[in-house]
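Please look at the sequence and the model shown here before reading on.

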Amino acid sequence: MLEKLKEEVFLANLELPKQGLIKYTWGNVSAVDRSQKLFIIKPSGVDYDAMTADDMVVCDFEGNVIEGKLNPSSDTPTHAVLYKHFEDIGGIVHTHSQWATAWAQAGLDVPAMGTTHADTFYGPVPCARFLTSEEVERGYEKETGHVIVNTFAEHKLDPLEVPGVLLHGHAPFTWGKTADEAVMNAVVLDEVCKMNFYTRQLNSYAEELPQYILDKHYLRKHGKDAYYGQK
Ligand SMILES: O=C(CO)[C@@H](O)[C@@H](O)COP(=O)(O)O
């Protein structure tokens, strides 16, 4: 069942260590099949060198395992909530990549300081609040998903325009139309966190990108009048 998508998810997971986004098993990638209301995610805590496409786990939008011999990622309930509420996304990534995690631990939104940011994220990437002890008690990973969804609702953000978030004290989640796009967005987010850090070291008063440059860069790559690349 869903063999092609399993292969895609497996390969996207292997990209995380290749891109230097994770150490050990500190991350996960999933992708969804909207027609079947099912998603595929990597198994929990399995060494990337030992993992095969056949180890991928099929889950429903409640996080129940539908097919697979291994336990799914511990973050499966978060992915399930995001697929349920962000109806246009096709893939999700969670990492503990160094630079984005440093910003998450600092509890800072990631401002759009340059066009590297604007090519992918149409505005600042928000840092969602700490979970409360009640939320952790109620269901840590599921409530993590709800905190992300509520953060986007409060900031009136479109998850396709801002395809990522930081969680205070934790790390980033990114997403995209596919698992590969979600991985690319995780790479970009980590890079812009690093660039922003250095920018603020060089000039703590460095300004955020003016709105018209943010518009220009985001919209030339995305949206109906996009002209970047071979469109
Ligand atoms: O956030 C964490 C650990 O803090 C987990 O996402 C990470 O270790 C990945 O766990 P899984 O192997 O996907 O269960």
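The end C-alpha atoms of residues 7-197 are 36 Å apart, and this span is 40% helix and 17% strand; helices (H or I, at least four residues) and strands (E, at least two) are DSSP runs, numbered from the N terminus. In an unreviewed entry, UniProt lists residues 7-197 as "domain: Class II aldolase/adducin N-terminal"; such annotations may be inferred rather than shown by experiment.

The model is predicted: local features need pLDDT of at least 70, side-chain atom pairs count only at pLDDT 80 or more, and totals for chains, interfaces and linings use all residues. Residues are numbered from 1 along each chain as its sequence is written.

Strand β8 (residues 172-176) is largely enclosed by the rest of the structure, because 5 of its 5 residues are buried, meaning that 20 or more other C-beta atoms, placed from the backbone, lie within 10 Å of their own. P172, T174 and G176 point one way from β8, whereas F173 and W175 point the other way.

Two strands pair with β8, pairing being at least two DSSP bridges between strands.

| Strand | Residues | Bridges to β8 | Direction |
|---|---|---|---|
| β5 | residues 91-94 | 4 bridges | antiparallel |
| β7 | residues 164-167 | 3 bridges | antiparallel |

G91 has G176 of β8 as its bridge partner, and L166 stands opposite P172 in β8. The hairpin of β7 and β8 has 4 residues between the strands, and G169 takes a positive phi near 80° there.

Conventions: Buried ≥ 20, exposed ≤ 12 C-beta atoms within 10 Å, placed from the backbone.
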